[in-house]
Amino acid sequence: MATSTHVTRLFGGPGSGKTTALLDRVDEMLDDGVDVNDILVVSYTRAAAAEVRERLGDRLGRSPKSLRNNACTMHAEAYELANPSAGGVVDYRRTLGSRVD
């Protein structure tokens with residue numbers, strides 16, 4: 001597990017090279033000895049996350065599917081952090097009963 005946290009935020013218009021810049025940053029982190037499993041790239045859309053996984057897989061010689069925990073949408077990461085399968089999230093249907101459908 002990483003002992004420090006560094007956040008890189010990247011903004012730009014379509015076609016401005018955001019994905020390439022992010023992947024270059026990931027390359028730098030890997031060169032600095034950061035384990036790929038300690039790297040998370042969060043995007044807004046599923047398509048962008050899939051593109052990051054595809055291009056990162058090409059760079060690392062790994063399948064995009066094997067990198068699904070490294071690149072995801074912010075919504076998928078929030079869901080993972082909430083971890084509803086652990087019982088910490090209340091099922092609103094059970095709580096509100098027949099008022100919700």
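The model is a predicted one, in which local features need pLDDT of at least 70 and side-chain atom pairs count only at pLDDT 80 or more, while totals for chains, interfaces and linings use all residues. Residues are numbered from 1 along each chain as its sequence is written, and side-chain values use heavy atoms, with hydrogens and water left out.

**Overall layout**

- The chain holds 4 helices and 2 strands, where helices (H or I, at least four residues) and strands (E, at least two) are DSSP runs numbered from the N terminus.
- Along the sequence these elements follow the pattern α-β-α-β-α-α.
- Of the 101 residues in the chain, 18% are buried, with buried meaning under 20% relative accessible area, exposed over 50%, and partly exposed in between (1.4 Å probe, protein chains only).
- The chain exposes about 7,700 Å², of which carbon and sulfur atoms supply 52%; accessible areas come from the Shrake-Rupley method with a 1.4 Å probe, and for residues only the protein chains shown count as cover.
- Among the contacts in the chain with a separation of 6 or more, 59% are between residues 24 or more positions apart, a contact being heavy atoms within 4.5 Å.

**Helix 1**

- Helix 1 has 14 residues and reaches 20 Å from its first C-alpha to its last, close to the 20 Å expected at 1.5 Å a residue, where the expected span is 1.5 Å times one less than the number of residues.
- Thr19, Leu23, Val26 and Met29 are the buried residues listed for helix 1, and seen down the axis they fall within an arc of 110 degrees, so they line one face of the helix; the arc is that of the directions from the helix axis to the C-beta atoms.
- In general, an α-helix has 3.6 residues a turn, so residues three or four places apart point the same way.
- Strand 1 and helix 2 are included in what covers the buried residues of helix 1.

**Helix 2**

- The 15 residues of helix 2 should span 21 Å at 1.5 Å a residue, and this agrees with its end C-alpha atoms, which are 21 Å apart.
- Ala49, Val52, Arg53, Leu56 and Gly57 are buried in helix 2; because they cover an arc of only 130 degrees around the axis, they lie on the same side of the helix.
- These buried residues pack against helix 1, strand 1 (41-43) and strand 2, whereas the face turned away from the buried side carries the exposed residues Ala47 and Asp58.

**Loop between helix 1 and strand 1**

- Asn37 is found in this loop and is exposed, with a relative accessible area of 58%.
- Leu40 is found in the loop between helix 1 and strand 1 and is partly exposed, with a relative accessible area of 39%.
- Leaving aside neighbours within four places in sequence, Leu40 is in contact with Asn69, Asn70, Ala71, Cys72 and Glu77.
- Leu40 and Arg68 are 28 residues apart in sequence, and their C-alpha atoms are 9.7 Å apart in space.

**Loop between helix 2 and strand 2**

- Asn70 has its place in the loop between helix 2 and strand 2 (71-73), and at 4% relative accessibility it counts as buried.
- The side chain of Asn70 reaches the backbone oxygen of Val36 at 2.5 Å.
- Asn70 is in contact with Val36, Asn37, Ile39, Leu40 and Val41, leaving aside its neighbours within four places in sequence.
- Asn37 and Asn70, 33 residues apart in sequence, are 6.8 Å apart in space, C-alpha to C-alpha.
- Ser63 lies in the loop between helix 2 and strand 2 and is partly exposed, with a relative accessible area of 38%.
- The C-alpha atoms of Ser63 and Arg53 are separated by 8.2 Å, the two residues being 10 residues apart along the chain.

Terms used. Polar contact = N/O pair within 3.5 Å; in protein donor to acceptor, adjacent residues only side chain to side chain.
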